Amino acid sequence: MSDLLLPPEHRYAKMIEAKKNDDGSELSILNLGPTHPATHGIFQNILLMDGERILDGEGTVGYIHRAFEKIAENRPFYQITPLTDRMNYCSSPINNMGWWMTLEKALDIEVPKRVQYMRVIIMELARIADHIICNSVLGVDTGALTGFLYVFQYREKIYEIYEEICGARLTTNMGRIGGFERDWSPAAFKKIHDFLEEFPSIWTEFESLLTRNRIFMDRTIDVGPISAEKAMSYGFTGPNLRAAGIDYDVRVMSPYSSYEDFEFDVPVGKSGDTYDRFCVRNAEVWESLKIIRQAIDKMPEGPFHANVPDYYLPPKEEVYNNMEALIYHFKIVMGEVPVPKTEVYHAVEGGNGELGFYLITDGSRTPYRLHFRRPCFIYYQAFNDMVRGQMLSDAIATLSSLNVIAGELDA
Amino acid sequence: MALDTAIIQEKLSDKFGDKVTGFIQQKDIFSFEVDAEISNDAMRFLKEDPVLRFNFLTDVCGIHYPDNEKERQFAVVYHMHNWFDNIRIKFKCFLNGDNPEIESATNLFLGANWQERETYDFYGIVFKNHPQLKRILNMDEMTVFPMRKEYPLEDGGRTDKDDRFFGRVTDNATN
């Protein structure tokens with residue numbers, strides 16, 4: 001029994017033994033996580049500390065690994081959407097849309113322009129929600145709760161828009177192969193309109209609270225920096241890469257869902273430090289608002305789903321009243337109309353970067369292989385590199401600005 | 001001039017001959033197979049060649065094909081992206097079913113580290129010269145590689161889900 005209680009010796013133990021300072025002080029190991037408020041999720045960082053300075057670190061992940069890829073291999077295509085919801089749950093509609101678009105690519109389905117614009121609006125709202133959480137929580141982690149309280153209600157407003165559109169708030173399971181379940185009601189458009197009216201002034205105030213705040217700047221400038229070359233080598237994408245000075249954005253490089261129709265800038269930083277990541281996300285919120293306005297203004301008339309009866313679920317009222325529709329609904333959900341044999345990779349610009357879906361189908365009702373390229377998983381491995389030589393409090397700010405979502409990290 | 005897939009094919013064929021085969025355009029991605037022995041050289045060539053410039057390793061993952069012949073029962077898939085010409089490619093390296101081994105790409109891309117650990121964790125594919133090849137998402141004590149096809153999602157031997165206990169079989173009394 002006593003063997004079970006003893007932790008296995010970590011490689012840092014030898015380093016601690018080897019280096020004892022003349023004044024009697026010695027190095028120590030600090031476990032940051034797995035469940036610590038500052039980690040914002042369940043993952044552990046084993047840090048080798050010299051006083052408050054971090055000499056080295058090792059990340060341990062997988063605490064909420066739910067085997068999504070294995071489960072996906074056993075589920076029909078429609079039933080995989082709830083899995084995607086639970087990856088980056090701060091911006092789950094982006095994951096949903098990415099998954100539908102992957103399937104549509106596999107099936108060669110062209111969706112109507114109206115659907116594409118509607119998807120753009122939803123995805124940009126999700127991006128704003130994601131950035132609201134990340135940036136306001138960065139404020140909390142550096143000691144400023146006010147900003148968080150101030151902007152968080154606008155994440156709720158975005159959830160209310162989702163609710164109006166599909167009935168769900170966090171894990172929305174939004175959409176269908178080929179479009180949406182139903183057209184948006186005037187109330188949904190009204191809520192989006194209200195959000196566009198109210199939110200900019202709030203976001204301006206949030207920015208003025210932190211962007212030129214002396215304490216915030218001291219806590220974030222030159223904290224957790226990463227060079228452009230290293231970020232690229234680590235596979236960074238999204239705001240974390242752009243903060244390092246590379247203007248890579250999937251929406252621009254490989255446009256999907258009509259992103260090429262909209263004018264927007266790709267904000268970039270210079271030093272790749274925590275402050276730049278904060279500023280890039282702030283700027284991206286403005287760009288997202290710009291995109292949503294354009295999409296609303298240019299919203300084409302037309303159907304809200306593609307004409308693909310083999311894959312698009314029949315309307316609910318028909319399912320309840322018409323036996324044919326009920327049978328068809330059942331057949332589609334259970335994957336009786338399979339996806340033909342193919343291999344596709346589709347990427348979208350998720351809240352954290354390039355979210356990719358690599359799908360191999362063998363003509364059966366389930367994927368032969370489905371791999372999620374999760375941006376969080378790919379860049380979290382750089383964390384220890386970024387905080388080496390920094391203070392413990394810097395690690396907290398760095399972790400927060402990376403926006404690591406445990407659901408996406410582990411999948 | 002944008003990089004054409006014909007140029008990619010020509011350069012790879014010139015350099016590696018029949019070690020690189022099966023060129024095909026799959027939807028929007030140019031795909032091919034690379035002999036596992038030269039995977040690292042091929043990736044270095046794709047990354048460092050002044051024309052090809054595939055500077056970004058997008059993704060690494062494994063696949064299990066238990067129905068293939070022994071030499072092709074596992075595959076490691078690499079997605080690379082040339083940001084200058086905006087071209088994505090994908091290549092597969094097939095591996096032996098009994099002894100799946102391939103060279104690690106961590107010498108070329110730092111980001112390959114965890115992705116290869118994940119592939120090892122799920123499929124038991126060994127990446128030679130990897131700095132820290134150990135499980136990442138599953139627990140260290142695990143003895144199997146769970147994404148292999150021989151491991152079904154649920155244990156078929158579980159008695160708490162035995163249909164007999166729920167009256168779902170017609171001859172319930174005799175079973």
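User: How much area do chain B and chain A bury between them?

Analyst: Chain B and chain A bury about 3700 Å² between them, with 58% of it on carbon and sulfur atoms. Buried area here is the accessible area (1.4 Å probe) that two parts lose on being put together, summed over both. In chain B, the residues that lose the most area to chain A are B:Lys27, B:Trp83 and B:Trp114, together 20% of what that side buries. Before we go on: this is a predicted model, in which local features need pLDDT of at least 70 and side-chain atom pairs count only at pLDDT 80 or more, while totals for chains, interfaces and linings use all residues. Residues are numbered from 1 along each chain as its sequence is written, chains are lettered from A and ligands numbered from 1 in the order in which they are written, and side-chain values use heavy atoms, leaving out hydrogens and water.

User: How many residues does the contact take from chain B and from chain A?

Analyst: The contact takes 45 residues from chain B and 45 residues from chain A. Contact means heavy atoms within 4.5 Å.

User: Why is chain A called as compact as a globular protein of its length?

Analyst: Let's start with its elements: chain A has 19 helices and 6 strands. These are DSSP runs, with helices (H or I) of at least four residues and strands (E) of at least two, numbered from the N terminus. The radius of gyration of chain A is 23 Å, close to the 22 Å from the globule rule for 411 residues, so chain A is as compact as a globular protein of that length. The radius is taken over C-alpha atoms, and the rule is 2.2 Å times the number of residues to the power 0.38. Along its principal axes, the C-alpha trace of chain A spans about 85 × 55 × 35 Å.

User: What makes B:Phe54 count as buried?

Analyst: Buried means under 20% relative accessible area, exposed means over 50%, and partly exposed is in between (1.4 Å probe, protein chains only). B:Phe54 has 0% relative accessibility, so this residue counts as buried. B:Phe54 is found in the loop between helix H2 (39–48) and strand S3 (56–64) of chain B. Beyond its neighbours within four places in sequence, B:Phe54 has contacts including B:Leu3, B:Ile8, B:Met80 and B:Phe109.

User: How do you know whether A:His40 is buried, partly exposed or exposed?

Analyst: Set its value against those cut-offs: A:His40 has 33% relative accessibility, so A:His40 counts as partly exposed. A:His40 is in the loop between S1 and S2 of chain A, and has a positive phi of about 50° although it is not a glycine. A:Pro34 is in the loop between strand S1 (28–32) and strand S2 (44–50) of chain A, and a cis peptide bond with omega of about 5° joins A:Gly33 and A:Pro34.

User: And what does A:Asp108 count as, buried or exposed?

Analyst: At 62% relative accessibility, A:Asp108 counts as exposed. A:Asp108 sits in the loop between helix H5 (92–107) and helix H6 (113–141) of chain A. Its phi is near 55°, a positive value in a residue other than glycine.

User: What share of each chain counts as buried?

Analyst: In chain A, 59% of the 411 residues count as buried. In chain B, buried residues make up 50% of the 175 residues.
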